[in-house]
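Me: I'd like to learn how to read a fold from its helices and strands. Could you walk me through one?

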Amino acid sequence: MSFISVFDVLGPNMIGPSSSHTAGACAIAYLAQKMKSGVLREVEFTLYGSFAKTYRGHGTDRALLGGIMGFATDDVRIRDSFEIAEERGIEFRFIPDEKETDIHPNTVDIRMVNDSGAVMTVRGESLGGGKVKIVRINQVQVDFTGEYNAVIIIQKDRPGVAAHITRILSDRNVNIAFMRLFRESRGEKAYTIVESDNRLPEDITEKLLENPNVQDVMLIQP
């Protein structure tokens, strides 16, 4: 007798036993994969709180794996995400952590390794109703929902970088909805997250990288 998961009876909007544990989990991973470079080769999901307790029964594992491969929350391929990941040669692991309790109950840490060996980590929280928030990138605390078009700039915390970013955006008539700076510590690595109501021009990445203190740029368009 074949196993039937909750994903076999979901509708196109991924209506399942919990929007936090299915659609929300997929949305977190979908945002995370937009931040990586190269081709994904390994992924490790560390699950906390209720994610750790119910990830198999509520399909959180399939949703996370589908999202990390770029499947949107209504993509029917999510139900076959284990098989598709294996076909693509992606190694994946799920690690439930029920010891850490001082954390949002629907939290996941995602560790991605690409084909050149580069590692990136993202922590996301599923807030309910399919809403999510990214709260950590590479161990730096951030605050990012993915509801807007956004550009994430990884930079050295140096004078003039913020001015460079705003000048590039202004030259391209980008209407800034939110702009926030997060940093490890003074003078170290920092992340500037700019969110806009409008779609961002594709050449913005190249222009932002012209500043030698800008190390990487991630363009995220919903």
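**Reading the helices and the sheet**

Reply: Buried means under 20% relative accessible area, exposed over 50%, and partly exposed in between (1.4 Å probe, protein chains only). Helices (H or I, at least four residues) and strands (E, at least two) are DSSP runs, numbered from the N terminus. Bear in mind that this is a predicted model, where local features need pLDDT of at least 70 and side-chain atom pairs count only at pLDDT 80 or more, while totals for chains, interfaces and linings use all residues. Residues are numbered from 1 along each chain as its sequence is written, and side-chain values use heavy atoms, with hydrogens and water left out.

Me: How do I read the packing of α1 and α3?

Reply: Two packed helices are described by the angle between their axes and the distance between the axes. Axes are lines fitted to C-alpha atoms, for helices over the stretch in contact, and angles run from 0 to 180 degrees between N-to-C directions. Here, α1 (residues 23-35) and α3 pack at about 25°, with their axes 7 Å apart. That makes α1 roughly parallel to α3 (angles under 35 degrees count as roughly parallel, over 145 as roughly antiparallel, 65 to 115 as roughly perpendicular and the rest as oblique).

Me: Which residues make the contact?

Reply: Contact means heavy atoms within 4.5 Å. From α1 come Ala25, Cys26, Ala29, Tyr30, Ala32 and Gln33, and from α3 come Thr60, Ala63, Leu64, Gly67 and Ile68. By class, that contact has 8 nonpolar, 3 polar and no charged residues. For the classes, Ala, Val, Leu, Ile, Met, Phe, Trp, Tyr, Cys and Pro count as nonpolar, Asp, Glu, Lys and Arg as charged, and the others, Gly among them, as polar.

Me: Now the sheet. What is the order of its strands?

Reply: Strands of a sheet pair through backbone hydrogen bonds, either parallel or antiparallel. Two strands pair if DSSP finds at least two bridges between them. This open sheet of 6 strands runs β2-β1-β3-β4-β5-β6, with mixed pairing. At the edges are β2 (91-97) and β6 (140-144), each pairing on one side only. From one strand to the next, the twist averages 20°. Helix α3 (residues 60-68) packs on the sheet, touching β1 (40-48), β2 and β3, and its direction makes about 145° with that of β1.

Me: In what sense does β1 pair with β2, parallel or antiparallel?

Reply: Parallel, over 7 bridges, with Tyr48 opposite Asp97 in β2. With β3, β1 pairs in the antiparallel sense over 8 bridges, and there Glu42 has Val113 as its bridge partner. Since 7 of its 9 residues are buried, β1 is largely enclosed by the rest of the structure. Further along, β3 (residues 106-114) and β4 (residues 119-128) are antiparallel over 7 bridges, with Ile110 opposite Val122.

Me: Is Ile84 buried or exposed?

Reply: Ile84 is buried, with a relative accessible area of 14%. Its place is in α4 (residues 81-87). Leaving aside neighbours within four places in sequence, Ile84 is in contact with Met69, Phe71 and Arg77.
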